[in-house]
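We will go stop by stop, selecting one piece at a time.

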Amino acid sequence: MAAFDSSDLIRFQVLCYEQVIRLDDVMEETVAIHGRGNFPTLDVKLKNLVKIVRDKLRAEGVRVGDIRLNGGAASYVLDSDSCQPYNDVDLIFGVDLSNHNELQKIKNCVLSCLLDLLPEQVNKEKMSSCSLKEAYVQKMVKVCNEHGDRWSLICLSNNKGKNVELKFVDKMKRQFEFSVDSFQIILDSLLTFYEVSQTPMSENFYPTLVAESVYGNFSEAWDHLTKKLIATRNPEEIRGGGLLKYCNLLVRGYSPTPNIDIRGMERYMCSRFFIDFNDVLQQRQKLEKYLNNHFSEEEDLKHEYLLTLYRVVDKSTICLMSHERRQTLNLIHQLACQVLIQQEQRAHNKYMAMQQFDHLNGLTIDQVYYGPFDSSCQYFGIPQVYQINSTCVSCPYCPPYLQCS
């Protein structure tokens with residue numbers, strides 16, 4: 001384990017046994033890297049993927065420092081009860097990028113790892129790095145700027161939004177959006193444990209693992225995580241201002257810390273968002289991508305999220321001309337309508353499937369209710385179907401229309 005300056009210890013905390021076990025579960029999880037077209041899905045355990053990438057980098061002469069689990073997955077490991085479900089798996093490899101040639105080496109190493117993960121029956125000799133990139137990489141980012149940032153991101157695709165993001169970081173000025181996603185867990189001792197230990201983990205035998213809050217104060221960030229509080233610093237430094245993540249936290253029951261100037265923070269967020277995404281097309285692409293990545297399995301939350309985003313933009317945007325502001329609000333309104341129509345279509349399909357089931361089983365629909373969707377919503381209601389034929393006294397938890405077998 002690396003030595004830490006005593007003045008910085010406030011940023012760190014040692015994981016307890018339950019947290020180590022949750023981390024082990026995450027690392028043992030099989031992640032799916034989906035290929036486009038005819039390229040097969042690559043299924044690999046997260047711990048094996050980390051080891052393959054690390055070993056490949058070292059073999060190519062890239063100096064690798066510590067390796068960290070970052071973001072939502074790290075928050076889940078620390079407190080699975082309080083934090084929201086994580087989507088992307090963020091991994092940070094500390095590397096030396098003082099030589100720009102290292103960036104090309106890193107790219108080649110990751111693509112080579114994908115080649116190694118292909119099934120044996122695939123003819124790998126005909127696979128080019130370009131075709132692998134097109135098939136499995138969702139995005140690649142390289143940042144070297146006047147602020148001293150030097151890092152690279154390679155995001156591996158997953159059709160359900162559970163992407164694997166590999167970050168190769170030398171220097172990164174801003175490593176978090178909000179305090180609740182500022183946690184990083186240093187994985188090196190766990191990786192060593194996997195390689196050398198012949199004994200499984202137990203409450204009396206497990207590796208020592210350390211987590212860091214890059215927010216600055218671990219106890220404060222932990223308090224925000226467990227109490228579902230929103231706090232950040234200088235949101236104007238965040239790409240997109242943190243606006244989309246902020247609304248995501250709001251819709252999941254988080255609330256701003258009492259000492260925060262929420263109106264001022266929202267204005268900064270909106271201003272930075274419109275600086276980074278300054279036309280409606282860019283905004284649409286960003287919003288659609290965010291919805292797909294963060295609500296892929298939570299369709300019911302999409303509409304509520306868009307209503308929350310609409311309210312924040314409506315009351316806190318001061319940097320746009322009136323027609324630009326109306327364009328953005330209309331965009332959010334249109335997306336909300338699309339989501340609601342999709343929800344109504346799914347409800348209709350479910351209703352039709354239920355009718356077919358009733359016909360086959362000789363059942364009838366007694367009552368159909370069209371309840372109000374939401375008093376704050378100006379759109380169409382979603383049909384809600386209830387069947388009331390008989391109740392099963394032996395099973396009080398069964399729906400009233402379903403006979404116990």
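**Stop 1: Asn293**

Start by selecting Asn293, a residue of helix H10 (residues 280–294). Remember as you look that this is a predicted model. Is Asn293 buried or exposed? Its relative accessible area is 12%. Buried means under 20%, so Asn293 counts as buried. Now show what surrounds Asn293. Leaving out residues up to four places away in sequence, it touches Asn87, Gln138, Gly161 and Asn163.

**Stop 2: the whole chain**

Zoom out and colour by secondary structure. The chain has twelve helices and 14 strands. It is 405 residues in length, and 44% of them count as buried.

**Stop 3: the eight-stranded sheet**

Select the open sheet of eight strands. Trace across it in this order: E1-E10-E9-E4-E5-E8-E7-E6. The pairing is mixed. In general, strands of a sheet pair through backbone hydrogen bonds, either parallel or antiparallel.

Which strands stand at the edges? They are E1 (12–14) and E6 (137–144). Each has a single partner strand, so one side of each is left without a neighbour in the sheet. Look along the sheet as well: neighbouring strands are turned by 20° against each other on average, direction ignored.

E1 pairs with strand E10 (residues 210–213) in the antiparallel sense, over three bridges. Pick Phe12 and look across to E10, where Glu212 stands opposite.

**Stop 4: helix H4 on the sheet**

Select helix H4 (residues 101–117). H4 lies across E5 (89–95), E6, E7 (150–156) and E8 (164–171). Against E6, H4 runs at about 165°.

**Stop 5: the nonpolar cores**

The largest nonpolar core has 92 residues. Select the ones with the most contacts inside it: Leu23, Leu69, Leu91, Phe93, Leu156, Phe168 and Ile185. H4, from the previous stop, gives this core its largest share, seven residues.

Centre on Phe168. Residues up to four places away in sequence aside, its contacts include Val53, Leu57, Phe93, Ile106, Val110 and Trp151. A second, separate core has six residues, among them Ile92, Val143, Trp151 and Met172.

**Stop 6: two helices crossing**

Select helix H1 (residues 17–28) together with helix H6 (residues 188–196). Two packed helices are described by the angle between their axes and the distance between the axes. Here the angle is about 70° and the axes are 12 Å apart. H1 and H6 are therefore roughly perpendicular to each other.

Now show the side chains at the contact. H1 brings Leu23, Asp24, Met27 and Glu28. H6 brings Leu190, Leu191 and Tyr194. What kinds of residue are these? Five are nonpolar, none is polar and two are charged.

**Stop 7: helix H8**

Finish with helix H8 (residues 243–251). Eight of its nine residues are buried, so H8 is largely enclosed by the rest of the structure. Highlight them: Leu243, Leu244, Lys245, Tyr246, Cys247, Asn248, Leu249 and Val251.

What do these buried residues pack against? Select strands E11 (229–230) and E12 (255–256), then helices H9 (262–276), H10 and H11 (299–316). H10 is also the helix that holds Asn293, where the tour began.

Note on methods
Residues numbered from 1 in each chain as written. Predicted model: local features only at pLDDT ≥ 70, side-chain atom pairs only at ≥ 80, totals over all residues. Heavy atoms only, no water. Axes fitted to C-alpha atoms, helices over the stretch in contact; angles between N-to-C directions. Helix = DSSP H or I, 4+ residues; strand = E, 2+ residues; numbered from the N terminus. Parallel < 35°, antiparallel > 145°, perpendicular 65-115°, else oblique. Contact = heavy atoms within 4.5 Å. Nonpolar A, V, L, I, M, F, W, Y, C, P; charged D, E, K, R; others polar. Buried < 20%, exposed > 50% of the residue type's maximum accessible area, 1.4 Å probe, protein only. Pairing = 2+ DSSP bridges. Core = buried A, V, L, I, M, F, W, Y, C linked by side-chain atoms within 4.5 Å.
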